[in-house]
Amino acid sequence: MGFSKRDKKEILLNYKRPKKADFFFERIALFFINSDKSDAHQVIPYRTMRDLDMEELFMFMDRTCSKIGQQYLYATLRMIPKNDANSQNIERIIKYLDDSPQLKESAVVEMSRLNSAGAYFLQGLIYQKHISKPKWFWSLIVLSALSCLSLILAKFLPVLLVVFILVGAGNFIIHYWNKKNVFIYSNSIPQLVILKSVVNKLLQSGVITDNTEQIRAAVAKIDKVSRLTFFLKLEESEEDIFRQVAYYIFELIKATFLVEPLVVFKIIDKLESCRDEIGILFNAVAQIDVAVSIASFREGLPYYTLPKISPNGSQFAMKEVFHPLINNPVANDLDLSEGKSVLVSGSNMSGKTTFIRTVGINSILSQTINTACAKEFIIPQLKVHSAIKISDNLLDDTSYYYEEVKAIKKMILEKGEGHQHLFLLDELFKGTNTIERIASGKAVLSYLNDEHNWVIGSTHDLELTEYLTSEYSYYHFAESVDGDLLKFDFKLKTGRSQDTNAIRILEINAFPKEITEEAKALARKIKDGF
């Protein structure tokens, strides 16, 4: 499939921008789900992905041209590697293509040929178990041959036309009944042919420069398989009426003579021995696509830095770090290198949770795509865990508090397995009463914090801070009151916050005065111990 000049212009105009298309994460995640994770230092839990809005971040940063690049990028964000070999390879590709703009644009256009939905299923040819040829496969050969012979001989014996119609009708039923069995293959095998062609073009143009002999050998082996795929290549098009008509005629022929299952099962026999070679081509294109996407993501940021990995695991610091999903973000500094963890206080809407997410997101981006949204960022290799978006689970009949308990228990178990960890906690145990919340919170925060791990948590309970002075550094966010408006600067400040704004927010939202006055009086009594 080639592109018109107009299509190429459109591709090159948009590839650096966030996508407007829908994101089907159940397909995007297929490569991540099926791929080997033995080289991962940490597989990011889905809870942490949800807590840190990582799917929203993925949708913003995804500038990939192909579906396989999109899948590879998602998998990259979900796995912190044991070493930086992949990151260094991506950096080499970024620099090489940035130094050769025309080469980069030609790569973008080529990789865009793998942007149809069928390419999502290419990973299945690498990882998934192939379907076995059914015991009744011989009957498909007989029915296909009978359909062909009856049509040919009907010229001499017209009564055979009735046989052709009856057999053809039966074949139609078998064809569409069997489609669910070969659906993945009828989508992925044509994409394999395109993948091979894309790799050839990238080799010829000089975009692929590493492992070229291994890649050429893989292309040659897959080329033998691709010769069998003629009957699977044609795809339906909603935009091209002639192509659509051709598709339906072709589909009619395939159904009448059972071409599709016969060809697919023959190809499957050969695909089993090509898994490694398909993986080599898949990774070659996907890594280039991800490199282009990361470079485009970086270009769209106000600024960024390549993070430094702390060699002795003791340094963890950031300067002017910001949240990449916020327009006109406010940047903050934080240095955890002294070994103390952090407890952040502050009033509602002041920025506590956003700051925790900012640190978490950049800790993952630094270790996965070698990019930090900061002026400086130094981090040890660590695992990231969170308990932020906790909610009742009605299906499991569990309360908010019990859901939080389960999340914290997983962190405690992780700590016991060694390694260094970053634990992100937002208003710990807020689903229970004040006394037990403070007591349990102090115990958990002390347990998770030690010389190898860091905790960044938030709290409204100023009493809690009285018990953690030797273990935690205190920071806060604050606001100012301007008439009926609360103004937030979202700047992290040292020390504990003494201000609250819950009742003030009631006043600003025109709650009856008797409510707000009674609330103020009662708050003063509680604060003074009655």
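Glu251 and Lys254 sit three residues apart in helix H13 (residues 241–257), so about one helical turn separates them. Helices here are DSSP runs of H or I with at least four residues, strands are E runs of at least two, and both are numbered from the N terminus. The two side chains form a salt bridge, with their closest N and O atoms 3.5 Å apart. That term covers a side-chain nitrogen of Lys or Arg within 4 Å of a carboxyl oxygen of Asp or Glu. Glu251 is buried at a relative accessible area of 4%, and Lys254 is buried at 5%. Buried means under 20% relative accessible area, exposed means over 50%, and partly exposed is in between, with a 1.4 Å probe and protein chains only.

Before going further, note that this is a predicted model: local features need pLDDT of at least 70 and side-chain atom pairs count only at pLDDT 80 or more, while totals for chains, interfaces and linings use all residues. Residues are numbered from 1 along each chain as its sequence is written, and side-chain values use heavy atoms, leaving out hydrogens and water.

The structure holds 21 salt bridges. Here are three of them, with their N to O distances.

| Pair | N to O distance |
|---|---|
| Glu251 and Lys254 | 3.5 Å |
| Arg113 and Glu110 | 3.0 Å |
| Arg496 and Glu466 | 3.2 Å |

Arg113 and Glu110 are both buried. Arg496 and Glu466 also meet in a salt bridge. Arg496 is in the loop between strand E14 (493–494) and helix H20 (502–508), and Glu466 is in the loop between helix H19 (462–465) and strand E11 (472–477), so their pairing ties together parts 30 residues apart in sequence. Arg496 is partly exposed, at 31% relative accessible area, while Glu466 is exposed at 54%. Then there's a network: Arg47, Glu403 and Lys406 are joined by salt bridges that share partners.

Ser147 belongs to helix H10 (residues 137–153), and at 0% relative accessibility it counts as buried. Beyond its neighbours within four places in sequence, Ser147 is in contact with Phe164, Val167, Asn171, Thr256 and Phe257. Contact means heavy atoms within 4.5 Å.

What about Phe156, buried or exposed? Phe156 counts as exposed, with 62% relative accessibility, and lies in the loop between H10 and helix H11 (160–205).

**Helix H7**

Helix H7 (residues 85–98) has 14 residues and reaches 20 Å from its first C-alpha to its last, close to the 20 Å expected at 1.5 Å a residue. That expected span is 1.5 Å times one less than the number of residues. On H7, the buried residues are Ser87, Asn89, Ile90, Glu91, Ile93, Ile94 and Leu97. They pack against helix H8 (101–111), helix H15 (275–299) and helix H16 (352–368).

Strands count as paired if DSSP finds at least two bridges between them. Strand E6 (residues 341–346) runs parallel to strand E10 (residues 454–458), joined by three bridges, and Val342 is opposite Ile456 in E10.

The other open sheet has four strands, ordered E3-E7-E4-E5, and again the pairing is mixed. Its edge strands, E3 (308–309) and E5 (332–335), each pair on one side only. Strand E4 (residues 317–321) and strand E7 (residues 376–379) pair in the antiparallel sense over three bridges, with Ala317 opposite Ile378 in E7.

**Ile356**

Back in helix H16 is Ile356, which counts as buried at 0% relative accessibility. Not counting residues up to four places away in sequence, Ile356 touches Ile388, Leu424, Leu425, Asp426, Ile456, Gly457 and Ser458. The C-alpha atoms of Ile356 and Ile388 are separated by 9.1 Å, and the two residues are 32 apart along the chain.
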